[in-house]
Amino acid sequence: MHTVETVLLVLMLGALTGIAARYLRGIPLPLIQIALGALLSWPQRGLHIAFDPELFLLLFIPPLLFADGWRIPKREFFALYVPILRLALGLVLFTVLGLGYLIHWMIPEIPLTVAFALAAVVSPTDAVAVSAITRGLGMPAKTMHLLEGESLLNDASGLVALKFAVAATVTGVFSWASVTREFLWVALGGLAVGALLGWGFAYARSVVTRRVGDVAATQMVLLLILLPFAAYIVGERVGVSGILAAVAAGITTNFADLNRSEFVAERIQSEGAWTMIESAFNGAIFLLLGLQLPSILGSIDRHGEHGAWAMAGYVAAISGALLLLRWVWLSLAVRGSLLKAHLKGEIAEHPSWRLTLATTLAGIRGAVTLAGALSVPLMIDAQTPFPARELLVFLATGTILFTLVLGSVGLPLVLRRLPPPAEIPEAREERLARLAACRAAMACVARASADWVASHPEDAADYDEAAGQLTQDYRQRIDLLDDDDPHAVANTPEAQAVRARKRRYVAELALRLACLKAERDALYAERHAHRINDESLRSLVRELDLSEISLRKRLAAARQAVGLGVG
């Protein structure tokens, strides 16, 4: 099949499996996509794609890690930097050494340096698969931030460890001093390259948009989408980690975005573009993994001295040891820093054994593990094949499937037994931020009203009436959101009046939403009657759509505040 047709087919299947997952609620989306990919490539005449690991790392990993670095809450990321670094660096080293020696002892035909390479390959985790499995199951937000931060950084540390293990296998030379120097150069250099490119892009964007405003939003979004590829390529050309460069570029771009509140069109387009890219690329990754499965599993036949059951046992033993090492590291090296963060109020969840178990099961392996395994060279030199390469690729793939299936089964069981928090911290923060915004708006109305009346005294009555209506709307929203009001919980006439006002406000929002639907239906009826053209319809409907997005968010928050649910 032609390359273009293959890309289009993978993208289409990614979208279709996303829709199918809405109906197959009990099955995580990554498993559906892997299974479909395997089914498509299993028959003799099925879809077979030559997997280029370097091209895969260039096309798929930078934008996804850039988006993760852009989206991850920076306050939590830096508040949890100690446990994140202990997982992303310490756990990777602990895994490479502990699992490497176990693999070499269990399968003597795998040389020690190759065993270290396999352990390095399976050390990076995949937060995308975890979020797909735990969506709606109550994974604590700060724990998810911890897992996302770990996944952002351990991809690079795992691939660097793989590079050194492969080099030791090829050359037969290994030095801890040179490894340490090289790792610091690769890691810190990658972060520096990404940060420089991110801030450079942010500065250039600021200079341009100060002159032309938000009219260049589409072009800026396109350049933003290309930025992670540029960071990865420059990092790799310089000889540092392109993965960390893409992560750092995403983080620095997010910081720059904090000073761009007035660029509404650019922000809306960026959010939509990254949502689509993440959905398409994540789907493509797991489909490609499935497409490689038949050929990788077929390597069992080339290892007849082990047999299928022995190979399955090796996969189970390696995966079990991998998770056991993770649990030990979490219990001994990370639990203490998480407890300190809990006592400081930085995380709400107490690090209980159930939470440690959930974090252990969340150590799912994914796309970077497959790409790393397939990037191992075929030959050491012109005459000598790389030892046990096919076995390495098979065991790495089996570990991906084992951890993914175990996480899909085990994580929901563990998460359902976690005690629910009294109030989700993010929900409280959002409520207080809405309150602050409403009060700022009321102060703005008062200032603007005074200025307008002073300069246009003949319009004072009309302006006062408009300002009064707007202020009343904000007061209703403040009444709805202010749960700290002592009247809100008391059984007094004042409290009953407040609750009645809240219910009326919810009813008003629901009516406004129904009115927007009626307006939209009327506009489409006008188009069907040929009284307006398509351009006018799109312009008018876009106004209603933006209003409805805002109104739906306000209605959901109002229903939650009143205790009616978000339905």
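Helices are DSSP runs of H or I with at least four residues, numbered from the N terminus. The model is predicted: local features need pLDDT of at least 70, side-chain atom pairs count only at pLDDT 80 or more, and totals for chains, interfaces and linings use all residues. Residues are numbered from 1 along each chain as its sequence is written, and side-chain values use heavy atoms, with hydrogens and water left out.

Lys-163 sits in helix H9, which covers residues 141-171. Relative accessible area sorts residues into buried (under 20%), exposed (over 50%) and partly exposed (in between), with a 1.4 Å probe and protein chains only. Lys-163 is partly exposed because its relative accessibility is 45%. Arg-554 is 391 residues away from Lys-163 in sequence. In space, the C-alpha to C-alpha distance between Lys-163 and Arg-554 is 51 Å.

Leu-16 belongs to helix H1 (residues 3-23). Its relative accessibility is 46%, so Leu-16 also counts as partly exposed.

Glu-266 presents a buried case. This residue lies in helix H13 (residues 264-297). Its relative accessibility is 6%, and therefore Glu-266 counts as buried. Contact means heavy atoms within 4.5 Å. Leaving aside residues up to four places away in sequence, Glu-266 touches Arg-205, Thr-209, Asp-214, Ala-217, Met-220, Val-221 and Arg-260.

On a 1 Å grid over the protein atoms alone, a cavity is a set of points where a 1.4 Å probe fits but cannot get out. A pocket is an open set with protein on both sides within 12 Å along at least five of seven lines. Lining residues have an atom within 4 Å of a point. Grid points are joined across faces, edges and corners, and a volume is the space filled by probe spheres set on the points.

Three cavities of 30 Å³ or more were counted. The largest cavity has a volume of about 200 Å³. Its lining holds 18 residues; Ile-61, Asp-126, Val-128, Asp-155 and Val-368 lie nearest the centre. Helices H4 (61-71), H8 (127-134), H9, H13 and H16 (367-374) each give two or more residues to this lining. H4 provides the largest share, four residues.

The second largest pocket has a volume of about 880 Å³. It is lined by 20 residues, with Arg-71, Asn-254, Arg-267, Glu-271 and Lys-553 nearest its centre. Two or more lining residues come from each of H4, H12 (242-257), H13, H18 (425-455) and H21 (534-562). H21 gives the most, with five residues.
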